[in-house]
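Student: Could you take me through one part of this model closely, namely the place where the two chains meet, and give the cut-offs behind each term as you go?

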Amino acid sequence: MWPMVLRRIGIGFVLIWVVSVLIFLVTQVLPGDAAEIRLGQAATPETLAALRKELGLDQPAVIQYAHWIGDLLTGDLGISAAGGATIASLIENRIGNTVFMTAVVTVVSIPLSILLGLLAAMYPGGLIDRAVTFSTLGLIAVPDFLIAIVLILVLAVQAGLVPAVSYLSGSESFWKKLSILALPIATLVIVVSAQMIRMTRAGVLNVMSSPYVEMAILKGVPRRRIILRHALLNAIGPIVNVIALNLAYLVSGVVVIETIFAYPGLAKLMVDGVQTRDMPIVQACGMIFCSTYVVLILIADIASIVSNPRLRHPK
Amino acid sequence: MTDESARVTPPPDLSENGIQPDRSFEELPDAPPKQGLKLSLVGKISVVVVAFWMVLACIGPFVAPYHEAHFIEENEEGEFYDDPSYLSPSSQVWLGTDFLGRDILSRIIWGARTTIGISLAATLLAYALGIIFGIAAAVAGGWADAVLSRLDDAILSFPSIMLGLIFVAAFGSSIPLLIVLAGVVYAASVYRIARAFGHEIIVQDFVEAARARGEGLWWIITREVLPNAAMPLATDFGLRLVFVILFISSLSFLGLGVQPPVSDWGSMVRENLQGLGNGLGGGALACLAPAFAIASLTIAINLIVDDVSAKAGGSLAKKMI
């Protein structure tokens with residue numbers, strides 16, 4: 001088992017490296033001359049040459065990449081093209097906000113999804129099952145921002161319970177923060193749970209059709225006990241896999257949600273960076289999000305290897 | 001996720017396939033039964049919804065009451081509005097007006113063309129690329145397969161929205177770029193499925209027989225492999241189209257997709273986000289209506305796919321996704 005897990009971790013590192021090469025290629029090499037973009041109309045041959053030298057653009061792409069990745073690894077993320085602030089400080093201010101929001105979403109959505117998934121799997125075809133299956137199918141197909149704007153309209157505008165914009169000044173207490181963030185958190189919980197509920201249900205039902213569960217049914221074990229003792233325990237591996245995969249989906253989810261609620265998080269920073277074509281910000285945030293994604297997928301893979309003896313000893 | 005050993009073809013059930021002993025066989029007796037496509041009620045309604053939007057995407061500009069960039073300035077009696085933005089629904093503007101005073105209904109009808117057109121073109125591109133490279137990799141094998149598959153892994157190790165953001169940051173945003181971007185991003189997952197099917201089919205006896213007859217590579221791909229992979233790929237096409245619609249709409253919603261004044265459902269939601277604060281009477285509809293247009297289309301496609309895959313080749317399709 002360990003050689004396989006180590007192999008997967010090795011592949012994970014290679015993927016992160018590939019991601020860094022692709023981000024560098026797309027944002028720095030392909031769009032043409034960064035110095036020209038930076039100077040725009042004001043470019044004269046002399047200022048262009050000077051800025052190129054300053055940015056290191058007169059060197060071959062491989063050397064530029066080596067400098068870039070070296071700076072990135074030592075935490076020197078460069079200077080924002082727009083404001084002149086260091087990117088490290090911009091990210092430092094915001095990464096906590098994004099981590100806080102996703103952590104709360106994770107803590108709420110995992111138990112909720114497992115519970116609803118189990119309830120649905122307990123009586124397949126029953127009323128709960130049909131309601132859960134149908135609503136999650138609908139929610140999966142719906143854009144994230146629809147869920148957000150419906151929640152804003154109902155809870156913030158019509159009922160006036162929670163604020164529609166999640167602005168943080170930085171000095172709020174934990175509970176105050178939670179109430180300000182109620183809407184984005186609720187939206188993300190709905191988005192992520194829909195997927196997890198379906199997969200949990202499918203995982204448990206898959207186990208339910210195995211011979212040993214049939215044996216337990218024939219022995220006369222009560223249905224509730226079969227689900228909790230036989231099916232759930234054997235479905236834990238796939239469920240951990242599902243959870244890691246869905247946290248990876250959260251990476252995409254926060255991009256849209258932070259923008260709607262104007263939440264000062266990392267994803268909002270990146271979207272703003274894309275709009276102003278502030279490449280250093282896009283590169284740094286892109287690396288953070290994509291590496292997180294690769295690591296979560298890696299955890300999902302390792303969970304399924306560890307939990308499934310058949311994957312541990314491949315043919 | 002089934003075991004290799006469990007995948008044994010069940011014996012053909014004569015009574016269910018409608019093969020009557022008194023009727024002459026039109027095909028060989030061991031040929032797989034022809035499956036007619038019978039949809040449930042929900043499936044039929046979904047087909048109507050999807051067909052409605054598709055037709056509207058084609059004829060939209062001819063039936064829309066106004067042009068997508070037309071500003072409503074006066075009411076039906078010819079009196080000028082003080083402020084034509086976020087008007088409530090009336091007999092003149094059925095769904096109200098947006099933040100600049102343009103008719104929402106007209107913009108949704110025009111937007112159907114942009115949103116569906118771009119998504120359909122991107123999905124077709126993704127399919128063309130994915131199937132060509134996927135089947136080629138499966139049939140050719142060797143280093144070509146290895147190179148293509150590693151490249152595919154690299155693209156799949158990005159969240160799709162991140163790829164979108166990075167590319168838009170580098171190249172700006174235009175409709176052709178959006179189509180190519182979504183096409184390449186989603187070609188990666190089509191490639192995987194096409195390659196898996198290719199592998200599964202390429203080891204079957206009938207392909208081996210064709211090879212033994214000395215048939216060429218192209219003949220094997222078009223006559224033996226593709227027809228056998230068609231049904232699962234068709235269901236996957238629906239799902240992929242949903243993902244592409246959501247991807248394009250999300251980018252537009254972030255202000256990085258379709259650029260104004262062209263109307264597009266995703267960017268309409270963004271433009272009118274301010275109107276949401278005015279409540280249902282004055283402006284929320286401008287934001288909600290395009291979002292519900294997207295949802296009706298994507299949910300309907302999803303329900304059709306669900307219906308079809310439950311009836312035909314469901315297990316195989318689910319295994320691949």
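Tutor: The model is a predicted one, in which local features need pLDDT of at least 70 and side-chain atom pairs count only at pLDDT 80 or more, while totals for chains, interfaces and linings use all residues. Residues are numbered from 1 along each chain as its sequence is written, chains are lettered from A and ligands numbered from 1 in the order in which they are written, and side-chain values use heavy atoms, with hydrogens and water left out.

Counted by residues, 45 of chain B are in contact with 43 of chain A, where contact means heavy atoms within 4.5 Å. Between the two chains there are zero salt bridges, a salt bridge being a side-chain nitrogen of Lys or Arg within 4 Å of a carboxyl oxygen of Asp or Glu. Two residue pairs, both at pLDDT 80 or more, are in polar contact across the chains; such a contact is a pair of N or O atoms within 3.5 Å, and within protein one must be able to donate a hydrogen and the other to accept it, with residues adjacent in sequence counting only if both atoms are side-chain atoms.

On the side of chain B that touches chain A, at least two residues each come from helices H3 (142-156), H4 (160-171), H7 (217-253), H8 (265-271) and H9 (284-311) of chain B, helices being DSSP runs (H or I, at least four residues) numbered from the N terminus. The largest share, twelve residues, is supplied by H9(B). By class, this side of chain B has 30 nonpolar, ten polar and five charged residues; Ala, Val, Leu, Ile, Met, Phe, Trp, Tyr, Cys and Pro count as nonpolar, Asp, Glu, Lys and Arg as charged, and the others, Gly among them, as polar.

A:Leu137 counts as buried because its relative accessibility is 11%, buried meaning under 20% relative accessible area, exposed over 50%, and partly exposed in between (1.4 Å probe, protein chains only).
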